Structures are given as structure tokens and as C-alpha cells.
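Hello,

Here is the structure I said I would pass on. Please have it open while you read the notes below.

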Amino acid sequence: MPHPQLLLGDCLSTLATLPTLGYDLVVTSPPYNLGIAYKSFKDTAPREDFLKWCVAWAAEVKRVMADDASFFLNVGAAPANPLLPHQLILALTDGENPLFVLQNTFHWVKSITIETTGREQISAGHFKPINSKRYVNDCHEYIFHLTKSGQVSLDRRAAGVPYVHKSNIARWGHTGGEDLRCRGNTWFIPYETIQSRDKERPHPATFPVALVEQCIRLHGKGVETRLLDPFLGIGSSAIAALRQGVIGQFTGIEIDPHYLEAARERLQLEMDRRAGELQL
Ligand SMILES: C[S@@+](CC[C@H](N)C(=O)[O-])C[C@H]1O[C@@H](n2cnc3c(N)ncnc32)[C@H](O)[C@@H]1O
């Protein structure tokens, strides 16, 4: 990848410096306006103001997107504040002059329990218990796939899964004879297990690197992808670009110098780790 651009600044003014139509893929997770304790940013704006601000930066995101680009927008809710993701997506896709078409909606499942056919229960993923008599644990977030036209082609099998019953390979045309089917819109992606939160994940609201990798694969532009994350946090999307071998471009914007520094350190660690593996 050409040297990743990790830019310190406000997303609105910094996006204004980026080239029109310059990116194929945007994957980001903005502040959710749910009172999360970031180091410097106050996540407590009145909802109307927050939505107006989102429309303003999303309009800049649209400007820098190529016409066939994809914008994967990750947003979560809170049990006592369930409407935020829906209000945000309406602000971006509804009304007289909608910015985007909502092409797909994905559910990022963080924790799940399934009953197998043998009736055994398997639980997997990250589970943070809450103390409540009213609410159940919120185990998922949204990833909204927004495009300019609603007609952007995806490489569904690049993010696909093998069939359990192999007779289906010949049965369904879209497999092209390969043992891969579309994964669908429920993505089980647990957080990576870490030893020390302060050292390895010093941020209150990250998404997993694997989530961004899935978006890069699904978008299907491969290593040529020009990827943007206007809310970089501690750099999960930059690491994903590196792991996917992206050589097009990576640009990340973050307002908080501590998080940006953590992003630089994580990216350097990842580069060192990969260089070490190559030497083995
Ligand atoms: C949900 S977090 C993103 C975390 C990131 N996906 C990761 O995995 O590390 C949102 C980030 O947006 C940053 N932020 C808040 N306001 C901003 C602004 N106006 N411009 C740029 N970044 C901003 C916050 O400091 C925070 O790190």
C-alpha cells in the first residue's frame, strides 16, 4: 500500500481537502450520539444537531466517492435508545434530496447461541452482561451499505462461505461450480481476544479489523481499492487494508491526537509482524 494517509483533524474540514470521486470504498463508524466516553469528543449532542452534522459529513463522503463506490456505515444502538440507527439512515436516504440509496443492510452479530441438530448449544462471541430487569443484551449492530445509485455490483462470493451440503454446489447457478455461496446479511464477527485493553484496544468503541476486511472483499475491487475511513479511531480499517493487501490508497481521519497516535502504533506493529513473518 502507498504510505497510508492518517490525518489529524475534523472530518468535515479534512474531507473538503480530498479529491472528488477519489475513493472506491468508505468503511466507517461515526460517534453514535449515545454518550460514549471518548477522550476528547463529547458524544452528547441534541439528536437533531447530531443528525444535521451527519448529513453534512455524509455529503462530503458522497463527493469523494466514485460513482460505483460503496459506503459501509456501521452504527449501533443502546437498549434505551433503539431508534438512532434508523433515524440516521432515514436522514441519509429519505426526504426530498436523499444523499444515498440504501442498497443492503447487514447485521453485525457480536455474540450468538445456536442449537445444533444434535441439540447441543454452542455460544460464541463477545458477551458483556448488563444489569437490567427491562432489557436483554444488545448483541448486534448495523452496517448500512449505501451507494449513489443502488446499482453497485458486489462480489458476493468473495465474502462467501462453503456449503454445508455439497449437493447444493451444482444445484444453485450462482456458485459457478465452486463451493462458495453468498454469506447473506448476518455477519458473526467477534472481537479479537486481547491481553490488555489499555495497550491493545485503548478506545471505547472500535469495530473488528475483520469487519472491514469483509467489506473490502464484498466490494470486490481487490488490491486496487482506494479506501477511506473518516472516523479512524485507533486504525482498525487501516490494518484491514494492510491485511487485504490494498495497494490503491488508504486515508483515515481522526480528531483525537491520542487515538491517531494509537492508530499509528497499531499499524506499525502490524507492519513489523508481517515483515517478521516474511523473514521466517
Ligand atoms: C466509533 S469511533 C471509531 C472507531 C474506529 N472504527 C476503530 O475501530 O478504532 C468514532 C471516532 O470518531 C472520532 N471523531 C469524533 N468526532 C470527529 C470529527 N468531527 N472528525 C473526525 N473524527 C471524529 C472519535 O474521536 C472516535 O475515535
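Predicted model: local features only at pLDDT ≥ 70, side-chain atom pairs only at ≥ 80, totals over all residues.

Ligand site. There are 23 residues around the ligand, and Asp10, Cys11, His203, Ser236 and Glu254 come nearest. By class, this shell is made up of 14 nonpolar, 7 polar and 2 charged residues. Asp10 has a polar side-chain atom 2.7 Å from a nitrogen atom of the ligand. Ser236 also uses a polar side-chain atom, which lies 2.6 Å from an oxygen atom of the ligand. With Ile234 the atom is a backbone N or O, at 2.9 Å from an oxygen atom of the ligand. On its own the ligand would expose 610 Å², and the protein buries 99% of that area.

Surface patch. Ile112, Ile114, Ile122 and Phe188 make a nonpolar surface patch of about 310 Å². Of these, Ile122 sits in strand E6, which spans residues 121-125. Ile122 has a relative accessible area of 38%, so it counts as partly exposed; a residue needs over 30% to be part of a patch.

Helix H6. This helix covers residues 209-219, and because 9 of its 11 residues are buried, it is largely enclosed by the rest of the structure. The buried residues are Val209, Leu211, Val212, Glu213, Gln214, Cys215, Ile216, Leu218 and His219. Just after H6 comes Gly220, with a positive phi of about 80°.

Regards

How values were computed. Residues numbered from 1 in each chain as written. Heavy atoms only, no water. Near = heavy atom within 4 Å. Polar contact = N/O pair within 3.5 Å; in protein donor to acceptor, adjacent residues only side chain to side chain. Areas by Shrake-Rupley, 256 points an atom, 1.4 Å probe, with all protein chains shown as cover. Nonpolar A, V, L, I, M, F, W, Y, C, P; charged D, E, K, R; others polar. Patch = residues over 30% accessible without salt bridge, like charges linked within 9 Å, V, L, I, M, F, W, Y side chains within 5 Å. Salt bridge = Lys/Arg side-chain N within 4 Å of Asp/Glu carboxyl O. Helix = DSSP H or I, 4+ residues; strand = E, 2+ residues; numbered from the N terminus. Buried < 20%, exposed > 50% of the residue type's maximum accessible area, 1.4 Å probe, protein only.
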